[in-house]
Amino acid sequence: MISANNVTYRVGKKALFEEVNIKFTEGNCYGLIGANGAGKSTFLKILSGALDTTNGEIVITPGQRLSVLEQDHFKYDSYNVMDTVIMGNERLYQIMKEKDAIYAKEDFSEEDGIRASELEGEFAEMDGWEAESNAAMLLNGLGIPTDYHYSRMGDLEGSLKVKVLLAKALFGNPDILLLDEPTNHLDLDAIGWLEDFLIDFENTVIVVSHDRYFLNKVCTHIADIDYGKIQLYAGNYDFWYESSQLMIRQMKEANKKKEEQIKELQEFISRFSANASKSKQATSRKRALEKIQLDEMRPSSRKYPYIDFRPEREIGNEVLTVENISKTIGGEKVLDNVSFIMGHDDKIAFVGGNELAKTTLFQILAGELEPDEGSYKWGVTTSQAYFPKDYTAEFDNDLTITDWLTGYSPVKDVTYVRGYLGRMLFPGEDGVKKVKVLSGGEKVRCLLSKMMIQGANCLIFDEPTNHLDMESITALNNGLIKFPGVALFACHDHQFVQTTANRIIEILPDGSIIDKITTYDDYLANDEMARRRTVFTANNEDDEN
């Protein structure tokens, strides 16, 4: 068990956590969630001892070993892969190195023999003879070939280093496991293996992740950070979301009934308080009025934007025809003879590891790039709105948010435009902020406002969830599900793709495509190699804590 007892943590005068009391117990996997900046990663560092609390203490059951997924990908560059993984159990690694040093001595003494015997006993108790095979099992499970197991860490590419550091965290059956974005930069095969590992893991896991699909698979509990407190809920992420929304609705409905009751009592009191025959009843109602307490509806630090794409025109049967498009970028053929016809009910997810190819295709379809060969044609009833992956140029100006969005609005009215900004969590005073000073998440919400106000019936999204918090991702996901038009999109959020797309097009490394009318999960289930070609990237760029 690991617990936080009256923990307070301050950054300057701001209290990120205030008198937090929470226990994490054996056999459970806790998903730590909260708005961007709420302090998820900071709390993991406090639990691990990397940060000291301002007040309060972290208590770990004596004798239990805590393991942390490290974020420094260069820390072990001078070690080989196998040693790095075994370092996950620091004591075991020290014993191995001390044993090796003793046995390497030329003048091996009697004292050395006694010490070596002591170490061998402790080594056997810690299952040391199985250390390398256990480490190899973790590495193989995460998709690191045996050929790399004794390579130098400094010689590995970034994606393999990430897997080695994860294997290090998992090594040796730790009692408490702290994981910050463990799926980031993993291929879907490795994520699937990790999900199975954590589901079977019998000790305590606390995980921060922006991958809702992953949290739903592995979590037994959700620990929700809000207002510097942490509230524990049983169940996975979807269960937490539904129950938290239900709780808010119930409180609102209860308050509404109480407000109606208060109004009735006040009307009776004002009408009959001066009436002698009704004075007793009026007094009785005054007492009843004093007893009614409205539930405190404290606004959450977590904000959900309202995303609703409403096309101005219904789409016809002819939507988009792509014929034999090819494109070479920087000497590499990223699109090779790509052809497909889009129907008026299609929501197509473009998947796979070929990021440049997806972006290139979207740029061509949005009219920003010419293909080397082939052609495309949009139907006469269609209108397009495009969310680019790189939108730097869009905000390289001195316009305020309101002026910027007015430029795209069919109605040049400030009140009309600010209505859209308000839905996207920009209150009135934010409208005068300059677009060039906005954070990554704010810029994405501006672009989504632009797409809503344009009223297009064909939406193109190139990684729209990058920089968004989970609340905005959920809102965009729900908005696209109910959108009555068509959509072409690329997105790293597994749940977003699974719940939105009814057709999958994978662009392969050679620029050709696989085109299937299916859900994402069914596509992956039927193509093992597709799982290895697709890598998850967390949307955590704006989460400072």
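**Close-up views of a predicted model**

**View 1. Strand β10 and its sheet.** Strand β10 (residues 320–329) pairs with β11 in the antiparallel sense over seven bridges; two strands count as paired if DSSP finds at least two bridges between them. Helices (H or I, at least four residues) and strands (E, at least two) are DSSP runs numbered from the N terminus. Within this pairing, Thr328 stands opposite Lys333 in β11. The open sheet comprises three strands in the order β11-β10-β13, with antiparallel pairing. Its edge strands, each pairing on one side only, are β11 (332–342) and β13 (373–378). On average, neighbouring strands of this sheet are turned by 20 degrees against each other, direction ignored. Helix α11 (residues 355–365) packs on the sheet and touches β10, β11 and β13; the direction of α11 makes about 55 degrees with that of β11. Contact means heavy atoms within 4.5 Å. Axes are lines fitted to C-alpha atoms, for helices over the stretch in contact, and angles run from 0 to 180 degrees between N-to-C directions.

The model is predicted: local features need pLDDT of at least 70, side-chain atom pairs count only at pLDDT 80 or more, and totals for chains, interfaces and linings use all residues. Residues are numbered from 1 along each chain as its sequence is written, and side-chain values use heavy atoms, with hydrogens and water left out.

**View 2. Helix α3 and its cover.** The 14 residues of helix α3 (residues 90–103) should span 20 Å at 1.5 Å a residue, and the end C-alpha atoms are 20 Å apart, which agrees. The expected span is 1.5 Å times one less than the number of residues. Buried residues of α3 are Leu92, Tyr93, Ile95, Met96, Lys99 and Ile102; buried means under 20% relative accessible area, exposed over 50%, and partly exposed in between (1.4 Å probe, protein chains only). Their cover includes α2 (81–86), α4 (110–125) and α5 (131–141).

**View 3. Asp77 in its loop.** Asp77 lies in the loop between β5 (66–68) and α2. With a relative accessible area of 18%, Asp77 is buried. Not counting residues up to four places away in sequence, Asp77 touches Arg152, Met153, Gly154 and Lys161.

**View 4. Nonpolar cores.** A nonpolar core is a set of buried Ala, Val, Leu, Ile, Met, Phe, Trp, Tyr and Cys residues joined through side-chain atoms within 4.5 Å. In the largest, of 103 residues, Phe309, Phe461 and Phe489 touch the most other members. Helix α6 (residues 158–170) contributes the largest share of this core, eight residues. A second, separate core of 26 residues includes Leu320, Leu335, Tyr386 and Ile505.
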